[in-house]
Amino acid sequence: MSSPPPRPISVVELDLAGLDGPVLSLRPVPGGPALRAGAVYALVRVEGRPAATVLGTVADGEDPAEVLGSLARARLAETGPRTDAERLAAARPLARPDVLARAREGLPPPRTSVVVATRERPEQLARALDSLLVQDHPDVEIVVVDNAPRTTDTHELVTRKYADRVRYVREDTPGLAVAHNAGAAAAEGEVLAFTDDDVIADPHWLTALTEPFAADPGLGCVTGLILPARLATPAQILLESHGGFAKGFAPRLYDPAEPPADEPLFPFTAGSFGSGANMAFRAAALRQAGGFDPATGTGTAARGGDDLYAFVAVLSAGFRLRYTAEALVWHHHRDTWQDLRNQAYGYGAGLTAYLTATLVRHPRLLPALLARLPRGLAHARAMTARRGETAEGGVPGEHGTHHHPWPRSLSRLERRGMLYGPIGYAKARAQAAPRKGAGR
């Protein structure tokens, strides 16, 4: 007998004054509903800095701050250092001493352009733009790319509600990578940040995402933390229980000069680097790497892979990539079962499409990929075996735990997508017209 579908889970933010300090604040995530009795999923901040997530149950009559605060302190005690001195010590393996010295100087983030590609979702776009317009970054422009529009709704929204605050670019060729290249070509920033129209950005998101570029001139890309804005439907909960889009809370530096020992397929393990809803590139590095491949991404026959391709291209050009959880956006996961089916197939297709694109555009990388395949396949089999395991609780908690069994039907769709990916890429490449854009 199958288990009943999970009930909606409240999503909140909890801020603590230190590891053992009192609760400073407890509030719903931006735009989210009020906390109610039952299961609650909380982002734990320590004096404002994202540090962990916890899941708890708040009964009628209980103090939510007391229940979640106790869980958060226990969680932080398990996950390691959080004082400034300990954070600095933990960061030392991630960068050279001269880079850390520049980071400690508190250099201001460089001028940044935020590119948001959208298609016929004006209400979601308005929500995202409202969050981008209250960023604490000192020098930013916002560029909306209206991709293959069928109506004038997006143009009217941007030019009327956000006149003089948001730039509008129209790109008639469908495809997320094409739209990103169009936005990059129009943007004026030294750093190009990309996010989606279905997110709400934390007010400190852009500063945290772009400050590392000032500290490290060899840095080509920075990615950040993506958490769920709502966990209201079984599809949303299932996606998040299998890791969602988040990459954890530990900082990470990926350096092509020092490949990570725990990723035998590096740099082809692009899915571990971050996601397209929360990424930034040094403009010069992205252009040197050739920009986004226009035959990848949502809206093309390839179905995805545009962000993964760009990550590997920048790393292959010799630049470093950093992940930081302090750059946070809240993502509105798709809410229906069909959405999840489409997403599973698209993930599989995007994965092999990006690998195909990488080898087609950078054939010199083929020997490196072949050399890494034996260890990489063994690693992948081990990861796949763990994916089917379940844990107690039945709801998302720590990122990457698998509290709901991942349906075999979705795994089959992913595998079908993987088989289709190279074909989809070939179709998209054949259909793509020559264009001018970032790196083109």
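This is a predicted model: local features need pLDDT of at least 70, side-chain atom pairs count only at pLDDT 80 or more; totals for chains, interfaces and linings use all residues.
**Burial first.** I call a residue buried when its relative accessible area is under 20%. By that cut-off, 53% of the 440 residues in the protein chain are buried.

**The chain overall.** I looked up the secondary structure and got 13 helices and 13 strands. Then I checked contacts with a separation of 6 or more: 77% of them are between residues 24 or more positions apart.

**Aromatic rings.** How many aromatic pairs turn up in the whole structure? I searched and got nine. One of them is Phe281 with Phe292, an edge-to-face pair with 5.8 Å centre to centre and 85° between the planes. I traced where these two sit: Phe281 is in strand E12 (residues 278-282), and Phe292 is in the loop between helix H9 (283-288) and helix H10 (306-316). They are eleven residues apart, and both are buried.

**Phe281 again.** Why does its pair with Phe311 count as stacked? The planes of Phe281 and Phe311 are at 25° with ring centres 6.2 Å apart, so I put the pair down as stacked. Phe311 belongs to helix H10 and Phe281 to strand E12, so this pair ties together parts 30 residues apart in sequence. I also looked up their cover: Phe281 has a relative accessible area of 0%, and Phe311 is buried at 0% too.

Methods. Residues are numbered from 1 along each chain as its sequence is written. Side-chain values use heavy atoms; hydrogens and water are left out. Helices (H or I, at least four residues) and strands (E, at least two) are DSSP runs, numbered from the N terminus. Buried means under 20% relative accessible area, exposed over 50%, partly exposed in between (1.4 Å probe, protein chains only). Contact means heavy atoms within 4.5 Å. Rings of Phe, Tyr and Trp (its six-membered ring) pair if their centres lie within 6.5 Å; planes under 30 degrees apart count as stacked, over 60 as edge-to-face and the rest as tilted.
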